[in-house]
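The following note comments on a structure for a reader who is new to the subject. Please keep the sequence and the model in view while going through the points.

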Amino acid sequence: MKVVVHDFWWIPTRIENHFMQQGINSPKYEYFLGNLREISILSLKASSESMPLSHDIFPRALSFIHLWKKIYGKMFLIWFGPTPRLTITDPSIIKEIFFSKSQYFEKYDPPLQVKRIEGDGLLNLKGDKWAHHRRIMQPFFRMENLKLITPIMAKTMEEALVKLSKNMNKIGSLEIEIEVSVWFQSLLEDIITKITFGRNYEEGLVISKLQAHQTAHATEAYQNAFIPGYRFLPTSASRVSRRISKEIRNYLLKLIDRRRRSDDRSYDEAPNDRQPADLLEVMMNAAGKSHRRNDPTAFTDEDVVEECKTIFFAGTHTTSAMLTWTAVLLAMHNNWQDEARDEIFRVCGARDAPPTKDDLANLKLVQYVTITS
Ligand code: HEM
């Protein structure tokens with residue numbers, strides 16, 4: 001009882017007072033839950049209303065921050081359970097933090113349910129372990145490797161477009177209605193599966209589907225993960241999440257083992273100048289060199305599993321959301337759509353082949369459109 005009062009009432013009250021003395025306020029801390037109940041109500045309300053075609057997505061995407069900024073100003077605390085987060089919305093302060101004060105802002109340690117979805121990889125690692133993993137994965141992100149990966153991405157996109165036009169032929173129409181966000185999400189899952197698992201694409205697809213299934217529970221996990229003790233409740237969502245997590249792990253460990261034993265191409269064979277290294281291969285090169293569990297510089301098969309999950313999470317949703325929003329904006333502004341299309345035909349049209357990494361430098365307008373959206 002003493003611990004509960006101390007952790008869930010005494011500490012939050014002291015923190016609240018500490019910040020209040022500096023003029024930083026917060027929505028009222030609710031015992032145990034913090035502001036989670038209000039966050040959930042405001043988010044549900046915002047997402048249930050239809051949105052006008054507008055660039056102003058802030059009130060919908062982060063409705064609680066939008067409301068509390070109006071009430072408490074540009075800087076305020078939000079309580080995720082008994083954990084406070086300082087919310088900063090002033091661009092000049094954000095810039096100062098990134099450029100000169102970043103050492104004072106540690107990554108937060110996400111709850112287990114969140115780690116299950118995001119993977120305990122680069123996104124969530126800190127300090128020496130993060131630096132070590134970063135070094136290991138660097139060869140995959142080298143420019144020479146990215147150049148070899150670009151045709152794989154282009155081909156996957158081409159195949160998806162051919163499938164779309166076949167569907168149009170089937171219904172005998174020049175128009176077809178698709179849910180763009182789902183289409184891009186599936187395209188990205190396909191691309192990330194190919195670049196992560198290479199020749200084990202088919203097995204990778206199983207993992208990708210499991211991961212997508214896992215992410216479907218993300219909203220619930222993110223909302224509840226901060227409620228102390230929630231993870232111990234046997235809810236059906238947490239049971240499913242645990243089960244999928246186990247399945248992904250076991251499937252990946254078996255795949256790693258099979259690849260290590262397979263003789264079609266040794267896992268530590270260097271990638272040649274036509275074939276890119278897939279991410280699994282890059283990581284297995286490092287994992288093969290150290291299996292000592294207590295060595296801080298070890299990179300175990302468990303680390304490979306977590307990094308695969310992280311790449312899926314970090315690579316698919318971000319990029320598909322960005323492409324979906326770009327498509328919406330181009331549909332709203334047909335003049336930009338026409339100019340971007342003209343530029344692509346000018347740069348790549350004569351060759352009648354998909355864009356390469358080298359073409360990107362000449363696709364200035366397309367780059368501008370994607371970066372600004
Ligand atoms: C529009 C697309 C993307 C956006 C907006 C985006 C955004 C971000 C941001 C903001 C971070 C920093 C997160 C933090 O430190 O808390 C990050 C990290 C990361 N992203 Fe992306 N990302 C995108 C695409 C991708 C893709 C395609 C991949 C992989 C194929 C990827 C993999 C990663 C990884 C591994 C990290 C962790 C890096 C590290 O800590 O060393 N991202 N991304």
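1. A residue is called buried here if 20 or more other C-beta atoms lie within 10 Å of its own. In this predicted model, buried residues make up 23% of the 373 residues in the protein chain.

2. The protein chain contains 16 helices and 2 strands. Its C-alpha atoms fill a box of roughly 70 × 55 × 45 Å along the principal axes. Among contacts with a separation of 6 or more, 65% join residues 24 or more positions apart.

3. The largest nonpolar core consists of 32 residues, and those with the most contacts inside it are Ile191, Ile192, Leu252, Leu279, Met283, Val304 and Cys308. At least two residues of this core come from each of helix H7 (127–141), helix H8 (143–171), helix H9 (180–197), H12, helix H13 (279–287) and H14. The greatest contribution, 7 residues, is that of H9. A second, separate core has 6 residues, including Tyr29, Trp68, Phe76 and Trp79.

4. Isoleucine 191 deserves a separate remark. Leaving aside residues up to four places away in sequence, isoleucine 191 touches Met153 and Thr156.

5. Helix H12 covers residues 236–261, 26 residues in total. From its first C-alpha to its last, H12 reaches 38 Å, close to the 38 Å expected at 1.5 Å a residue. Its buried residues are Ser238, Ser241, Ile244, Ser245, Ile248, Leu252, Leu255, Ile256 and Arg259. One of these, Leu252, is also listed among the residues with the most contacts inside the largest nonpolar core.

6. Which residues surround the ligand? They are Leu122, Leu123, Arg134, Ile192, Thr310, Ile311, Ala314, Gly315, Thr318, Thr319 and Met322. Helix H14 (residues 301–332) provides the largest share of this shell, with 7 residues. By type, the shell divides into 6 nonpolar, 4 polar and 1 charged.

7. Is proline 111 buried or exposed? Proline 111 counts as buried because it has 20 C-beta neighbours inside 10 Å. Proline 111 lies in the loop between helix H5 (91–100) and helix H6 (112–118). Its C-alpha atom is separated by 8.9 Å from that of tyrosine 222, although the two are 111 residues apart along the chain.

8. Most residues other than glycine have a negative phi. Phenylalanine 32, however, has a positive phi near 80°. With 16 other C-beta atoms within 10 Å, phenylalanine 32 is partly exposed.

Technical notes: Residues are numbered from 1 along each chain as its sequence is written. This is a predicted model: local features need pLDDT of at least 70, side-chain atom pairs count only at pLDDT 80 or more; totals for chains, interfaces and linings use all residues. Helices (H or I, at least four residues) and strands (E, at least two) are DSSP runs, numbered from the N terminus. The expected span of a helix is 1.5 Å times one less than its number of residues. A residue is buried if 20 or more other C-beta atoms lie within 10 Å of its own, exposed if 12 or fewer, and partly exposed in between; C-beta atoms are placed from the backbone. Two residues are in contact if their C-beta atoms, placed from the backbone, lie within 7 Å. A residue is near a molecule or strand if its C-beta atom, placed from the backbone, lies within 6 Å of it. Ala, Val, Leu, Ile, Met, Phe, Trp, Tyr, Cys and Pro count as nonpolar, Asp, Glu, Lys and Arg as charged, and the others, Gly among them, as polar. A nonpolar core is a set of buried Ala, Val, Leu, Ile, Met, Phe, Trp, Tyr and Cys residues joined through C-beta atoms within 7 Å.
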